[in-house]
Amino acid sequence: MSFEKNILCIGAGYVGGPTMAMIAYKCPRYRVTVVDIDPERIAQWNSDDLPIYEPGLDEVVKAARGKNLFFSTEVETGIRESEIIFVSVNTPTKTFGAGAGMAADLQYWDKTARQIRKYSKSNKIIVEKSTLPVKTAQAMERILTSADNGIRFDVLSNPEFLAEGTAIRDLEDPDRVLIGSTQTPNGLKARDVLVEIYSNWIRGERIITSNIWSSELSKLVANAFLAQRISSINSISALCEKADADVEEVARAVGMDSRVGNKFLNASVGFGGSCFKKDILNLVYLCRYYDLKEVADYWEGVVRINDYQKERFILNMLNVMFNTLANKRICLFGFAFKADTGDTRESPAIFAAKRLIEERASVVITDPKALKNAMKDLRDVAGELSYVEDPYEASAGCSAIAVMTEWAIYADLDYKKIYRSMAKPAFIFDGRNILDHEKLFEIGFNVFPIGKPGLTHF
Ligand SMILES: NC(=O)c1ccc[n+]([C@@H]2O[C@H](COP(=O)([O-])OP(=O)(O)OC[C@H]3O[C@@H](n4cnc5c(N)ncnc54)[C@H](O)[C@@H]3O)[C@@H](O)[C@H]2O)c1
């Protein structure tokens, strides 16, 4: 069967896999291939056990795979046979040299650009899907055109706004799709090709276009704004605990102002995920690079508050559990950085587990989807750590439970049964404010939510 377009995506991760599965699912006339250098990841994408957990993803992949959606390690063939190449490789924070701990590590990106240049035999549209520092498209264009082989490359910016846990819903019905291009006739022509792809299922007014630098920057700024809201409410949660106020009541009152809005105002143990911290630090680095010290300091504060909130949670546990956690069993309810994903990158639970081990506690971890990743994250940590899938079994014999992830199942457990099996006095630290605190207190627990007075029996 011949296809109308041949689309390639380089990088089969949390972004490349779901986004391409959705394009293939919505556009049976296009052939979509996703390649990766990691053969194990590709084998998983071709199996019944996909490499990532996302509600609804299995169905979308199964509907298109083998028909017009293919996963492969054949990067060279993929590049040669496609007209449009999405690049979704990872862009983590740099850990070495200039900008270490702040700037984006662009080595995977740079390598991909060189591969595209090497294997291309015809004109291509290159789409930046990875989150990148502003002006990366320019660097990419320079690498691509340096071969001077007469092949035309048009680079577009099309940042991905999906949120893990709701990726399929976000891809099917996005708030917006952003496409940035150069404003030249060729740039605009390439942009229109991408607009046409998304138009297969997304209404025109949701597809917005801009100049390429605005598009690159918008992704960093969107994540900075989202994380800023979390740090804002988390900073207020600390004050609420001192002032006997209730952060949920404050958030409700503030969020009902339509200028502010009520979303993303849940106080918690802190944000995690592979993007927020990395993208803010990247923004901070850019501001410093352009000598905008005040702007850089302002945004860096968002990350500082997040670190403070994570540490505050542990210090509160230490404080209320009689200033020692040594030899106490503490159960972490949830390890994923948020509910409905198995992703644990930058999860506050990693920090909590490590800090509790430092305090010589014995840590039991339970999570419905993230135990494999938790084991990888903590493999170098020396201390008493165990991993138990069943939350009842995990919490038995523990002195405390700390809710780290807002999995819905944790709100529906039989806490009477759990209380009976725990060491006394029994504590619950609700790092996500998802439990019924009064009810837990009545059962006998000492309860410590975020941003509200604790409920104690002594
Ligand atoms: N995870 C999210 O929720 C999210 C959301 C929006 C944007 N982003 C951005 O998207 C990008 C990808 O994120 P992710 O979470 O999918 O990362 P990921 O680590 O899950 O996936 C990246 C994949 O790229 C592959 N890769 C690296 N170099 C390659 C090469 N030269 N050739 C082929 N494959 C290569 C890796 O093996 C890996 O499988 C990042 O820039 C991230 O900031 C992520």
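Begin by selecting α6 and α9, two helices that are oblique to each other, because angles under 35 degrees count as roughly parallel, over 145 as roughly antiparallel, 65 to 115 as roughly perpendicular and the rest as oblique. Their axes are 9 Å apart and the packing angle is about 120°, where axes are lines fitted to C-alpha atoms, for helices over the stretch in contact, and angles run from 0 to 180 degrees between N-to-C directions. Helices (H or I, at least four residues) and strands (E, at least two) are DSSP runs, numbered from the N terminus. To display the contact (heavy atoms within 4.5 Å), show T136, A137 and Q138 of α6 together with I212, W213 and E216 of α9. By class, this contact of α6 with α9 holds three nonpolar, two polar and one charged residues, with Ala, Val, Leu, Ile, Met, Phe, Trp, Tyr, Cys and Pro counted as nonpolar, Asp, Glu, Lys and Arg as charged, and the others, Gly among them, as polar.

Before going further, note that this is a predicted model, in which local features need pLDDT of at least 70 and side-chain atom pairs count only at pLDDT 80 or more, while totals for chains, interfaces and linings use all residues. Residues are numbered from 1 along each chain as its sequence is written, and side-chain values use heavy atoms, with hydrogens and water left out.

Next, select α1 (residues 16-26) and α3 (residues 57-64), whose axes come within 9 Å and cross at roughly 50°. These two helices, α1 and α3, are therefore oblique to each other as well. On the α1 side, display P18, A21, M22, A24 and Y25, and on the α3 side L57, V60, V61, A63 and A64; the residues of this contact divide into 10 nonpolar, no polar and no charged.

Now move to the ligand, around which there are 26 residues, with D36, R41, T91, E164 and K278 coming nearest; a residue is near a molecule or strand if one of its heavy atoms lies within 4 Å of it. An N or O atom in the side chain of T91 is 2.6 Å from an oxygen atom of the ligand. For R345, a polar side-chain atom lies 2.9 Å from a ligand oxygen atom, whereas for Q115 a polar side-chain atom lies 3.4 Å from a nitrogen atom of the ligand.

Finish with two backbone stops. Most residues other than glycine have a negative phi, and most peptide bonds are trans. Select D148, in the loop between α6 (136-145) and β6 (153-157), where phi is positive, at about 50°, although D148 is not a glycine. Then select P425, in the loop between α16 (415-421) and β13 (427-430), and inspect the peptide bond from K424 to P425, which is cis with omega near -5°.

Methods
A polar contact is a pair of N or O atoms within 3.5 Å; within protein, one must be able to donate a hydrogen and the other to accept it, and residues adjacent in sequence count only if both atoms are side-chain atoms.
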